Structure formats: C-alpha cells, structure tokens
Amino acid sequence: MSFTIVEQAPARMNRSELAVPGSRPELFAKAAKSVADVVFLDLEDSVAPDEKAQARKNIVQAIGDVDWGEKTLSLRINGLDTHYMYRDVVDVLEQSGERLDLIMIPKAGTAADIYAIDMLVTQIEAATGRKKRIGFEMIIETALGMMNVDEIAAASPRNESLHFGVADYAASTGARTTGIGGPHPDYGVLTDVEEGAERRYHWGDMWHYPVSRMIVAARASGLRPVDGPFGDYSDPAGFQAQARRAAVLGCEGKWAIHPSQIALANAVYSPSEAEIAKARRILEAMEQAQKDGKGAVSLDGKLIDIASIKQAEHMVRLAEQIAGS
Ligand code: COA
Ligand code: MG
C-alpha cells in the first residue's frame with residue numbers, strides 16, 4: 001500500500017440513478033415509489049430555459065412534500081457557464097428542508113468549478129444552520145473535464161461520485177455519433193486477410209477509454225464511478241450490455257432515463273448468488289492459507305492471493321449493503 005491513504009466517500013447504494021425533469025412534477029411521486037437507489041431532480045438539460053424558474057419551485061416543494069423514503073435524493077443544477085446556476089443552488093438550499101442529499105454538478109471542467117460551488121454551499125449551510133452536509137456528484141462530460149478529471153475528483157471533501165455523461169462528451173470531443181451511449185458500427189476492426197478464412201468485423205466499445213479513465217480518477221479519490229445514460233429506452237438488451245461492460249470495469253451503477261431501466265440496472269449492479277458464494281469461498285480459502293503461513297494458494301485450479309481477498313471483500317461488502325437496503 002502507498003503511505004497515502006485514500007479516504008472513501010460515504011457508502012451509498014448507487015446501482016440505479018433515475019433522472020427526473022424538474023418541469024414534470026407529476027413524475028416526482030412515481031420516482032419516489034420506484035426502486036431506484038438514487039433519484040436526481042433535474043434543472044439542467046431536460047428543462048427548457050423558459051421553464052427553469054418554475055422547475056426550481058416545483059423541486060423546492062417536492063423536496064419537502066414528497067415522501068422519498070430511504071432514497072438518496074439529488075439535485076442537478078445548471079452549469080457554471082449559465083446564469084441559472086447560482087439561483088439553483090441558493091433558492092433550493094435556502095427554501096427546502098434538510099431532505100436533499102446531493103448536488104449534481106454537470107459539465108465539471110476544472111477543480112475550481114467544484115471549489116466555487118463548495119464555497120456557495122458552505123456559506124448557505126452555515127447561514128441557514130443546515131445540519132446534513134450536502135455531497136457532490138460530478139458529471140464528466142467534456143474534453144476539459146476529462147483532461148482535469150483527477151483534480152476534479154479530489155477538489156472537495158463533499159465529493160462522492162463521478163458520472164460519465166456520454167452525449168455531451170461525444171459533442172465536446174467531436175465524436176461522430178448522435179446516439180446517447182451504445183456502440184457505433186464504424187468503431188470496429190476487420191480481422192487480417194488469411195488464406196481460406198473469412199474476414200470478420202468486430203465492433204468495439206468506443207466509450208472504453210473515457211469510462212476507464214473516469215473510474216481510475218474516481219477510485220483514486222475514494223469516489224463511486226457511475227455510468228451515465230443509455231438513450232434508447234426501448235432496447236433493454238442494449239442497456240444491459242452497456243451496464244454490464246461498465247460494471248465489469250468497476251462502475252457501481254448506471255443512470256436510468258426511463259423507469260424501465262431501473263430494475264435492469266439494479267440487477268446488473270447487484271452481484272449474483274454465484275459471485276457472492278465464490279467470494280466467500282475465496283475468503284475462507286485465504287483465511288486457511290494465512291493460518292498455514294501461505295500468501296498464495298490454489299482454488300479450483302486457479303491462483304488466489306492477497307489481492308483476491310480485497311476483491312472478494314469488495315464483493316461481499318456490496319452484497320451485505322444490498323441485503324441491508
Ligand atoms: N421518472 C418517473 N416516472 C417516469 C419517468 C421518470 N423519469 N419517465 C416516465 N415516467 C412514468 C410515466 O409518467 C408513465 O407513468 P404511468 O404509467 O403512470 O402513465 C410511465 O413512467 C411510462 O412512461 P412513458 O409514457 O413510457 O414515458 P414518457 O413518454 O412519459 O417519457 C421520457 C419518456 C424519456 C421523456 C421520460 O422518461 C423522461 O423525461 N426521462 C428523463 C429524461 C431526463 O431527465 N434526461 C436528463 C438526463 S439524460
Ligand atoms: Mg449532459
């Protein structure tokens with residue numbers, strides 16, 4: 001281990017994160033009753049400019065009036081380049097009760113963006129006597145944000161999670177796609193010419209680099225990495241495939257932009273019975289190995305060692321968290 005200890009953000013279930021436009025208050029109670037781990041009420045891109053002020057009022061009222069149960073409740077504010085942002089923070093925090101848990105900062109570009117909002121939130125908390133500290137979730141969705149992702153992740157003790165905003169990221173980097181997430185038929189490789197063999201075309205995952213890069217930055221600062229939206233909500237198989245590949249890389253959850261995606265995300269991001277049983281067997285085998293004075297042993301013909309303990313503990317911890325939720 002490094003001498004540098006990575007402080008972990010408060011543990012929260014983040015398998016599914018439902019987006020709810022602040023301009024559609026009729027959806028709030030439905031979101032509260034859903035099985036999403038996190039709900040974010042949006043003031044940013046799902047709300048038209050003329051509706052921003054009313055959406056803010058809707059959200060202030062809903063934070064207090066709706067029974068959000070055990071859910072983590074978040075507010076997506078507008079970007080720092082707009083004139084909406086300061087009121088999003090000031091009005092909602094000053095006028096709503098203590099129920100809000102997180103603020104989601106879109107298009108985070110530099111550590112100073114987070115610093116600025118931290119300053120504002122800290123002042124409001126002190127002035128109004130709020131007791132529960134608001135946490136931050138940052139969307140990494142611009143070239144600038146990706147370039148500065150490490151500094152953004154470490155910018156405030158309020159930081160809890162990083163999210164990959166695939167559509168804005170595509171626009172910002174000039175990627176040739178108009179889809180919201182998912183693969184692209186032009187991003188692939190053709191197998192070499194081989195005598196007598198048919199050449200095959202393999203689609204690749206054009207989002208592999210940014211998702212992996214964000215995961216590293218998040219984990220190095222003790223934050224949860226979360227995969228963003230998959231726009232085609234009439235394609236559950238496509239959603240599952242996207243969710244699975246991000247889970248395999250280390251993400252803890254994925255957004256749901258429609259209620260039908262919530263259960264899919266919860267299923268992908270909950271370890272299966274078989275995975276949990278395997279993790280427990282690894283822990284038992286390593287406990288025995290340590291009693292026998294060995295650092296590495298074999299289980300089912302495969303090497304397991306000290307690193308396997310950490311992987312298995314992560315899996316068991318997650319299962320216990322889910323069971324307790
Ligand atoms: N939260 C809670 N409930 C929702 C919901 C949401 N985000 N989106 C839809 N519903 C409800 C509908 O009210 C409907 O309920 P009902 O069965 O009681 O009538 C049910 O789920 C099915 O919805 P459907 O008719 O298929 O969707 P829609 O046409 O009303 O809306 C979207 C589709 C995509 C416009 C809507 O889901 C949405 O706005 N999603 C969030 C988009 C967003 O916030 N984007 C920003 C982040 S990328
Ligand atoms: Mg965006």
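Author: Buried means under 20% relative accessible area, exposed means over 50%, and partly exposed is what sits in between (1.4 Å probe, protein chains only). What you have is a predicted model, where local features need pLDDT of at least 70 and side-chain atom pairs count only at pLDDT 80 or more, while totals for chains, interfaces and linings use all residues. Residues are numbered from 1 along each chain as its sequence is written, chains are lettered from A and ligands numbered from 1 in the order in which they are written, and side-chain values use heavy atoms, with hydrogens and water left out.

Reader: Okay, isoleucine 117 then: buried or exposed?

Author: Look for isoleucine 117 in helix H4; helices here are DSSP runs (H or I, at least four residues), strands are E runs of at least two, and both are numbered from the N terminus. Its relative accessibility is 0%, so isoleucine 117 counts as buried.

Reader: And how many Å apart in space are isoleucine 117 and isoleucine 215?

Author: In sequence, 98 residues separate isoleucine 117 from isoleucine 215. Going from C-alpha to C-alpha, the gap in space is 23 Å.

Reader: Which residues are the protein donors of the magnesium ion?

Author: Donors are N, O and S atoms within 2.8 Å of the metal (3.2 Å for Na, K and Ca), and since water is not among the atoms, sites may look incomplete. For the magnesium ion (ligand 2), the protein donors lie 2.0 to 2.2 Å away, and they are Glu141 (OE) and Asp168 (OD).

Reader: How many residues apart in sequence are the parts that this pair ties together?

Author: Glutamate 141 belongs to the loop between strand S5 (135-140) and helix H5 (143-147), whereas aspartate 168 is in helix H7 (residues 166-173). The pair therefore links parts whose separation in sequence is 27 residues.

Reader: What does aspartate 168 count as?

Author: Glutamate 141 is buried, at 3% relative accessible area. Aspartate 168 has 25% relative accessibility, so it counts as partly exposed.

Reader: On to ligand 1: which strand gives the most to the shell around it?

Author: There are 15 residues around ligand 1, where near means having a heavy atom within 4 Å. The closest are Ala19, Leu27, Lys30, Ile257 and His258. With four residues, the biggest giver to that shell is strand S1 (residues 16-21).

Reader: How far from a nitrogen atom of ligand 1 is a polar backbone atom of isoleucine 257?

Author: A polar contact is a pair of N or O atoms within 3.5 Å; within protein, one must be able to donate a hydrogen and the other to accept it, and residues adjacent in sequence count only if both atoms are side-chain atoms. Alanine 19 puts a backbone N or O atom 2.8 Å from a nitrogen atom of ligand 1, and lysine 30 has a side-chain N or O atom 2.8 Å from an oxygen atom of ligand 1. For isoleucine 257, the polar backbone atom and a nitrogen atom of ligand 1 are separated by 2.7 Å.

Reader: Backbone check: what is phi of aspartate 300 near?

Author: Aspartate 300 sits in the loop between strand S11 (297-299) and strand S12 (302-304), and it is exposed at 52% relative accessible area. Its phi is positive although the residue is not glycine, with a value near 55°.
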